[in-house]
Amino acid sequence: METLILRKKGSPHKVRISPDPKDSHFALVQLLKISTGEQKGGHFILASDVPQWRSMYERDGFRVLKEREVSNV
């Protein structure tokens, strides 16, 4: 699993979904403030649930950034 960064136009937050470095069965979902990088919320989920979480955020208007865009965030 690779790290996903999701952004929503006009939102002060981005979502990062990344694999847990200690156990590949889990993933971390972090809601981060773009301007400061401060974590505003987070969830510890099963890696098998990542597609459901991704689609939930996409339904809310977030879009996955392409690799080129990630380096600018």
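1. Let's start with Lys 40, which is partly exposed at a relative accessible area of 44%. Here buried means under 20% relative accessible area, exposed means over 50%, and partly exposed is in between (1.4 Å probe, protein chains only). Glu 38 is also partly exposed, with 41% relative accessibility.

2. A word on the source: this is a predicted model, in which local features need pLDDT of at least 70 and side-chain atom pairs count only at pLDDT 80 or more, while totals for chains, interfaces and linings use all residues. Residues are numbered from 1 along each chain as its sequence is written, and side-chain values use heavy atoms, with hydrogens and water left out.

3. Lys 40 and Glu 38 form a salt bridge, with their closest N and O atoms 3.6 Å apart. The term stands for a side-chain nitrogen of Lys or Arg within 4 Å of a carboxyl oxygen of Asp or Glu. By this rule the count is two salt bridges.

4. Where does Arg 54 find its salt-bridge partner? The partner is Glu 58, with the closest N and O atoms 3.1 Å apart. Both residues lie in helix H1, four residues apart, about one turn of the helix. Arg 54 is partly exposed at 31%, and Glu 58 is partly exposed at 25%.

5. Now the sheet: five strands form an open sheet in the order E4-E3-E2-E1-E5, with antiparallel pairing. Its edge strands are E4 (39-46) and E5 (63-64), each pairing on one side only. Helices (H or I, at least four residues) and strands (E, at least two) are DSSP runs numbered from the N terminus; two strands pair if DSSP finds at least two bridges between them.

6. Strand E3 (residues 26-33) pairs with E4 in the antiparallel sense over seven bridges. Val 29 sits opposite His 43 of E4.

7. Gln 30 is worth a look in your viewer. This residue belongs to strand E3 and is buried, at 15% relative accessibility. Its side chain makes a polar contact of 3.0 Å with that of Gln 39; such a contact is a pair of N or O atoms within 3.5 Å, and within protein one must be able to donate a hydrogen and the other to accept it, with residues adjacent in sequence counting only if both atoms are side-chain atoms. Leaving aside neighbours within four places in sequence, Gln 30 has contacts (heavy atoms within 4.5 Å) that include Lys 14, Val 15 and Gly 41.
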